[in-house]
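Work through the exercises below with the model open. Try each task before reading its solution.

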Amino acid sequence: IYGGGDIPVGAYDPNRLANLGIGHGAIDGGFGYTYLNPQTGFEASITTGFTGNFENPDTNYTNGIDWHTGWGVSQFLSKQFFVGAVGYFYNQITPDSGQAAFLGSNESRVIGVGPQVGYIFPLSDQLQGYLNLKSYFEFDNYRRPDGWNAWVTFVISPAAPPPPSAAMRRR
């Protein structure tokens with residue numbers, strides 16, 4: 001179960017083409033589940049949630065509530081390396097509103113699927129690194145861009161504890 005949000009930060013000006021902030025806050029919440037079989041190296045994960053947006057006071061515009069689901073299935077080929085597939089579904093379930101909503105309800109959606117590869121490696125006795133590359137082909141879009149996008153993720157986390165020794169397992 002997760003919850004989060006964002007607050008308006010950065011400079012926002014509706015008359016500027018590019019902005020460092022989006023000019024409004026939002027709340028996001030949902031839940032996820034991961035299944036991992038350490039004997040076979042098979043992993044499957046899914047996360048789903050909703051995002052609600054607050055009004056942008058500079059434009060008097062509010063983006064609608066969206067429902068988003070992301071999933072991944074992977075096969076570990078070793079203890080450190082895996083390959084798999086990923087995907088997501090984004091669907092705006094309530095329309096945008098406000099003075100700038102002159103193009104209609106603007107309830108957008110898109111689906112994306114593609115490959116992923118990941119690698120876990122030691123950085124020290126206490127830390128490990130994780131590098132992931134995934135790419136999505138987007139389709140079934142409505143009022144959203146489609147095409148290909150790619151993501152690279154690098155994470156540093158505490159190293160996994162070593163497996164117990166044979167003497168410890170017999171106890």
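The exercises cover a charged residue, a nonpolar core and aromatic pairs in this predicted model.

**Exercise 1. A buried charge**

Task: Locate Asp28 and find which side chain makes a polar contact with the side chain of Asp28.

Solution: 
- Start with the element. Asp28 sits in strand 2, residues 26-37.
- Check burial and charge. Asp28 is buried and has no salt bridge. The nearest side chain of opposite charge is Arg144, 12 Å away. A salt bridge needs a side-chain nitrogen of Lys or Arg within 4 Å of a carboxyl oxygen.
- Look for a polar partner. The side chain of Thr51 makes a polar contact with that of Asp28, at 2.4 Å.
- List the surroundings. Neighbours within four places in sequence are left aside. Asp28 then contacts Tyr2, Gly3, Gly4, Gly5, Phe50, Thr51 and His68.

**Exercise 2. The largest nonpolar core**

Task: Which residues make up the largest nonpolar core, and which strand gives the most to this core?

Solution: 
- Name the members. The core has five residues: Val86, Tyr88, Tyr90, Val110 and Tyr136.
- Assign the main contributor. Strand 6, residues 81-92, gives the most, with three residues.
- Take one member, Val110, and skip residues up to four places away in sequence. Val110 touches Tyr88, Phe89, Tyr90, Glu138, Phe139, Asp140, Asn141, Arg144 and Pro145.

**Exercise 3. Aromatic geometry**

Task: How many aromatic pairs does the structure hold? Classify Trp67 with Phe89, then Phe137 with Phe139.

Solution: 
- Count. There are nine aromatic pairs.
- Classify Trp67 and Phe89. Their ring centres lie 5.1 Å apart and their planes meet at 70°, so the pair is edge-to-face. The cut-off for that class is over 60 degrees.
- Trp67 belongs to strand 5 (residues 66-76) and Phe89 to strand 6, so the pair ties together parts 22 residues apart in sequence.
- Trp67 is partly exposed, with a relative accessible area of 31%. Phe89 is also partly exposed, at 24%.
- Classify Phe137 and Phe139. The ring centres are 6.2 Å apart and the planes are at 15°, so this pair is stacked. Stacking requires planes under 30 degrees apart.
- Phe137 is partly exposed, with a relative accessible area of 37%. Phe139 is partly exposed too, at 32%.

**Exercise 4. An aromatic cluster**

Solution: 
- Find the partners. Phe76 forms one aromatic cluster with Phe82 and Tyr130.

Methods:
Residues are numbered from 1 along each chain as its sequence is written. This is a predicted model: local features need pLDDT of at least 70, side-chain atom pairs count only at pLDDT 80 or more; totals for chains, interfaces and linings use all residues. Side-chain values use heavy atoms; hydrogens and water are left out. Helices (H or I, at least four residues) and strands (E, at least two) are DSSP runs, numbered from the N terminus. Buried means under 20% relative accessible area, exposed over 50%, partly exposed in between (1.4 Å probe, protein chains only). Lys and Arg count as positive and Asp and Glu as negative; His and the chain ends are not counted. A polar contact is a pair of N or O atoms within 3.5 Å; within protein, one must be able to donate a hydrogen and the other to accept it, and residues adjacent in sequence count only if both atoms are side-chain atoms. Contact means heavy atoms within 4.5 Å. A nonpolar core is a set of buried Ala, Val, Leu, Ile, Met, Phe, Trp, Tyr and Cys residues joined through side-chain atoms within 4.5 Å. Rings of Phe, Tyr and Trp (its six-membered ring) pair if their centres lie within 6.5 Å; planes under 30 degrees apart count as stacked, over 60 as edge-to-face and the rest as tilted.
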